[in-house]
Amino acid sequence: MTAARPLRVVLAKVGLDGHDVGVNLIARALRDGGFEVVYLGKRVPNDVIVATAIAEDADVIGVSCLSGGLGYFTTGLVGRLRASDAGDIPVIAGGIDEPDEISRMLDAGVYRYFGPGSATEDVVAAFVAAGQDGRGAWTG
């Protein structure tokens, strides 16, 4: 019997946001929770996130932006994933945006959204759930 590999997540900061303390804390919590984490850094374009997620066989993608525009970046990311036949990779977003933009990103297929002050345990649990739901679980 072979053990299943750990869930693999790709994390990135999108937009012009340079604040990476939060995403680094999430990366550490995910690693402590048994995930394999690939952190791409700051100001990463969607094409790079998609290409890396495909190359790394990612189970989940996590993106963060605290400078606004999270809805714009995540809806573009979901669209780019679908265009690359990788629309089955769940996307979890964290950061700041207007309520209408948060609704728009969730309607577009973002798996979960977390705002500032969210409990780390809740964020990790969402990554676990997204990974356990399996790629392709979202049918929206």
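Setting aside residues up to four places away in sequence, V9 touches L30, F35, E36, V37, V38, V60, G62 and F127, contact being taken as heavy atoms within 4.5 Å. The model is a predicted one, in which local features need pLDDT of at least 70, side-chain atom pairs count only at pLDDT 80 or more, and totals for chains, interfaces and linings use all residues. Residues are numbered from 1 along each chain as its sequence is written, and side-chain values use heavy atoms, with hydrogens and water left out.

V9 lies in strand β1; helices (H or I, at least four residues) and strands (E, at least two) are DSSP runs numbered from the N terminus. With a relative accessible area of 0%, V9 is buried, where buried denotes under 20% relative accessible area, exposed over 50% and partly exposed in between (1.4 Å probe, protein chains only). The C-alpha atoms of V9 and D20 are 17 Å apart in space, and the two residues are 11 residues apart in sequence.

An open sheet is formed by 5 strands in the order β2-β1-β3-β4-β5, with parallel pairing; two strands pair if DSSP finds at least two bridges between them.

The buried residues of helix α1 are V23, I26, A27, A29 and L30. These residues cover an arc of only 165 degrees around the axis, which puts them on the same side of α1; the arc is that of the directions from the helix axis to the C-beta atoms. On the other side of α1, V21, L25, R28 and D32 are exposed. The cover over the buried residues of α1 includes β1 (8-13), β2 (36-39), β3 (60-65) and α5 (120-133).

In helix α2 (residues 46-55) is found T52, which counts as buried at 16% relative accessibility. Leaving aside neighbours within four places in sequence, T52 is in contact with V10, V38 and L40.
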